[in-house]
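Subject: Structure handover

Hello,

Here is the structure for you to look over. My notes on it follow below.

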Amino acid sequence: MQLSVFSGSRSELGEAHGRAHATLITHSLEVYDRLFHDFVGIGWAEARRTAERFLPMIERGFPEILDEMAGIARGAGLELEDILTLNCRSEISLTQASGGCTAFSVNRDGTQWLAQNWDWRSDQLHNVVALELHPEGAPALVSIGEAGMVAKIGMNARGVGVCLNAIRSRTCGEGLPIHVALRKILEAEDVDQAIRVASHDRVCSPAHFLIAGGDGRATGFEVHPGLPGVLEPRGGAVTHTNHLYAETATCQVEDFPRPDSRLRLARIDRLLHDRLPLGATIDAARLFEILSDHDNAPFSICRHFNPDQPAEERMETLFAVVMDLTARRLTLRHGKPCESEDTLEVRLDAG
């Protein structure tokens with residue numbers, strides 16, 4: 001996979017993104033048109049109308065990003081409402097659909113690691129892009145996600161990183177849409193500012209954000225419109241899959257996880273305990289090995305095609321990311337980490 005590097009104003013960043021990835025953005029719209037139909041029984045026109053309700057929330061919490069969305073639309077030859085809908089796809093669809101992502105942080109020997117698999121529908125595999133953005137007035141950042149979206153998983157030049165776990169829930173209230181909040185976190189000057197997005201701005205639908213910094217801090221936030229659940233490291237690690245388990249969140253939000261979420265959480269905890277004992281050397285290759293685990297297949301950490309699932313629910317691992325936030329280095333494997341030869345490494349200069 002190639003890295004796309006853009007710099008300039010919000011409008012300029014967006015237009016460059018839209019121009020460079022116009023075909024993939026159009027493909028992404030087609031994927032989500034099908035997904036909205038499969039999971040919530042609506043077409044693209046109705047999804048656009050649903051997305052409009054989130055516009056005032058973005059205008060209150062992160063109005064600048066709307067200039068970038070407008071630029072993406074202009075560059076790709078689309079309308080702002082299309083790009084807004086794409087960036088609100090979680091809020092529109094996650095009442096019924098949830099991915100199978102597994103995320104973790106590890107702090108060892110003065111290095112803060114952050115890693116995850118992103119599991120989603122296989123028809124989005126070729127619409128994944130790697131963006132290095134240099135916005136005016138904000139830290140440089142790297143985001144790995146879907147073409148046309150303002151952010152997903154990544155890190156910035158201040159050593160702030162974030163991972164994402166989807167949560168299936170009918171809750172949706174006031175706050176920033178998930179992917180807009182992720183971008184605001186990636187523009188944070190430090191971990192404290194990133195945490196304020198979860199605790200002050202809030203997020204309008206449930207998700208888990210694993211926020212960490214090169215200074216050695218890592219905390220999980222089970223975000224939703226209310227006060228987020230907070231997960232502090234245990235044994236130097238934070239782990240998460242696709243269900244809520246912090247009491248602050250579970251007493252406010254009802255989620256509907258698939259059964260494999262708890263199995264994967266127990267498995268990642270066991271792997272980190274057994275394979276990364278104190279004194280063990282940690283590097284990106286070692287963490288990709290953990291993300292390649294196939295225990296309990298086909299519902300494993302590294303997820304492959306499962307013909308026994310209904311076609312619309314077949315989730316596969318589409319990419320894996322390992323970040324050394326202390327060195328500000330991100331390594332991506334596009335595709336399944338157990339077999340991918342499509343690797344990209346990005347390093348940001350400390351800002």
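**The second largest pocket**

Helix α9 (residues 191–201) contributes five residues to the lining of the second largest pocket, the most of any element. Helices (H or I, at least four residues) and strands (E, at least two) are DSSP runs, numbered from the N terminus. This is a predicted model, in which local features need pLDDT of at least 70, side-chain atom pairs count only at pLDDT 80 or more, and totals for chains, interfaces and linings use all residues. Residues are numbered from 1 along each chain as its sequence is written, and side-chain values use heavy atoms, with hydrogens and water left out.

The space in this second largest pocket is about 160 Å³. A pocket is found on a 1 Å grid over the protein atoms alone, as an open set of points where a 1.4 Å probe fits, with protein on both sides within 12 Å along at least five of seven lines; lining residues have an atom within 4 Å of a point. Grid points are joined across faces, edges and corners, and the volume is the space filled by probe spheres set on the points.

The lining includes Gln 193, Arg 196, Val 197, His 200 and Asp 201. Arg 10, Phe 62 and Glu 64 also line this pocket. By type, the lining has three nonpolar, two polar and six charged residues. Here Ala, Val, Leu, Ile, Met, Phe, Trp, Tyr, Cys and Pro count as nonpolar, Asp, Glu, Lys and Arg as charged, and the others, Gly among them, as polar.

**The eight-stranded sheet**

This open sheet runs β1-β4-β5-β6-β7-β8-β9-β10, with mixed pairing. Two strands pair if DSSP finds at least two bridges between them. β1 (3–8) and β10 (229–231) are the edge strands; each has a single partner, so one side of each has no neighbour in the sheet. Neighbouring strands are turned by 20° against each other on average, direction ignored.

β7 (residues 160–166) and β8 (residues 207–213) are antiparallel partners over seven bridges. Val 160 sits opposite Gly 213 in β8. Helix α9 packs on this sheet and touches β7, β8 and β9 (218–223). The direction of α9 makes about 170° with that of β8. Contact means heavy atoms within 4.5 Å. Axes are lines fitted to C-alpha atoms, for helices over the stretch in contact, and angles run from 0 to 180 degrees between N-to-C directions.

**The six-stranded sheet**

The order is β11-β2-β3-β12-β13-β14, an open sheet with antiparallel pairing. β11 and β14 (343–347) stand at the edges, each with a single partner strand, so one side of each lacks a neighbour in the sheet. The twist averages 10° from one strand to the next.

β12 (residues 315–324) pairs with β13 (residues 329–334) over six bridges. Asp 324 is opposite Arg 329 in β13. Helix α12 (residues 284–291) lies across β2, β3 (111–121), β12 and β13, at about 155° to β12. Helix α11 lies across β2 and β11, at about 155° to β11.

**The largest pocket**

Its volume is about 310 Å³. Of its 14 lining residues, Arg 234, Gly 235, Ala 237, Leu 272 and His 273 lie nearest the centre. β2 (102–108), β11 (237–240) and α11 (260–275) each supply at least two lining residues. The lining has seven nonpolar, four polar and three charged residues.

Best wishes
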